[in-house]
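Please examine the sequence and the three-dimensional model shown below. The paragraphs that follow proceed from the overall fold to individual helices and side-chain pairs.

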Amino acid sequence: MHQGCAVILAAGTASRMGSAKQLLTLYGCPMLEQVIRLALSIDFSQVVAVIGHEEDRIQQSIHVADSRFRWVVNPHYQSGQSTSFRMGIEQALPNHRSVTVFLGDQPFIKHETVHRLWKRGQESLRELRVPFAIQPMYLEKPGHPVLFGNVYQGQFDCIEGDQGARSVLAAMEQRFFLPVHDPGIHVDIDTPEDFEQALHIS
């Protein structure tokens, strides 16, 4: 069975946080580690974390003993999230037909949400031969992670700066939404205030 690749985008400078937010302690371990462990709890055949800012410190602080996991360092992270996105996709190709993109600052997503997204992706890969995307949706608003199916080389070359995959999603004919009861799909941690608020809603 095709199991897909998970790509975690975590290369940013976290300028509004004032420190490396990837290493903020959450439930006793770094926030990025929470996201990595969430991805590894699903049957992905590979999990890639794209890092850049303070990459040495992050790799020294987070130790993952799972053969499916590896770090990828983006030397161009200051040019925006799109550079990490494209680098992560390149790591997944040509061995995977689907890539599920996580954000390294969204640690409150439920395991059930990701599992349902992954399962829906498996079903869609069996049914479709064209590129598609699936997003979880809570209160009629889409969030992360985003699953891209039937991915191919060059599909994401058009994205630039910090736009991430928005332009690709907007142009995709086969785009599906998966209703979930999970406010965590919208919660990203950009500031110390975000972090404090998120701890209360989790």
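**From the chain to its side-chain pairs**

One of the salt bridges joins the side chains of Glu54 and Arg57, with N and O 2.6 Å apart. The term salt bridge denotes a side-chain nitrogen of Lys or Arg within 4 Å of a carboxyl oxygen of Asp or Glu. This is a predicted model, in which local features need pLDDT of at least 70 and side-chain atom pairs count only at pLDDT 80 or more, whereas totals for chains, interfaces and linings use all residues. Residues are numbered from 1 along each chain as its sequence is written, and side-chain values use heavy atoms, with hydrogens and water left out.

The chain as a whole provides the setting for this pair. Its secondary structure comes to 6 helices and 10 strands; these are DSSP runs numbered from the N terminus, helices being H or I with at least four residues and strands E with at least two. The radius of gyration is 16 Å, close to the 17 Å that the globule rule gives for 202 residues, so the chain is as compact as a globular protein of that length. Here the radius is taken over C-alpha atoms, and the globule rule is 2.2 Å times the number of residues to the power 0.38. Along the principal axes, the C-alpha atoms fill a box of roughly 45 × 35 × 30 Å. Of the 202 residues, 53% count as buried, a term that means under 20% relative accessible area, with exposed meaning over 50% and partly exposed in between (1.4 Å probe, protein chains only). Contact means heavy atoms within 4.5 Å. Among contacts between residues at least 6 apart in sequence, 72% join residues at least 24 apart.

How many salt bridges does a search of the whole structure find? The search finds 3. Another salt bridge links Arg68 with Asp66, the closest N and O atoms being 3.1 Å apart. Arg68 has a relative accessible area of 22% and is partly exposed, and Asp66 is partly exposed at 24%.

A further salt bridge, between Arg37 and Glu33, has an N to O distance of 2.8 Å. Both residues belong to helix 1 (residues 31-40), where they lie 4 residues apart, about one turn of the helix. Among the buried residues are Met31, Leu32, Val35 and Ile36.

Helix 3 (residues 81-92) has 12 residues and reaches 17 Å from its first C-alpha to its last, close to the 16 Å expected at 1.5 Å a residue; the expected span is 1.5 Å times one less than the number of residues. Its buried residues include Phe85, Met87, Gly88 and Ile89. What covers the buried residues of helix 3 includes strand 1 (5-10), strand 4 (46-51), strand 5 (69-73), strand 6 (98-103) and strand 9 (146-149).

Strand 6 contains Ser98, which counts as buried at 3% relative accessibility. Leaving aside neighbours within four places in sequence, Ser98 is in contact with His2, Gly4, Cys5, Leu125, Leu147, Phe148, Gly149 and Val151.

The aromatic rings come next. Rings of Phe, Tyr and Trp (its six-membered ring) pair if their centres lie within 6.5 Å; planes under 30 degrees apart count as stacked, over 60 as edge-to-face and the rest as tilted. By this rule the count comes to 6 aromatic pairs. Phe85 and Phe156 form an edge-to-face pair, 5.1 Å centre to centre with 65 degrees between the planes. Phe85 lies in helix 3 and Phe156 in the loop between strand 9 and helix 5 (166-171), so the pair ties together parts that are 71 residues apart in sequence. Both Phe85 and Phe156 are buried. The rings of Phe132 and Phe176 have centres 6.4 Å apart and planes at 55 degrees, so this pair is tilted. Phe132 is buried at 0% relative accessible area, whereas Phe176 is partly exposed at 21%.
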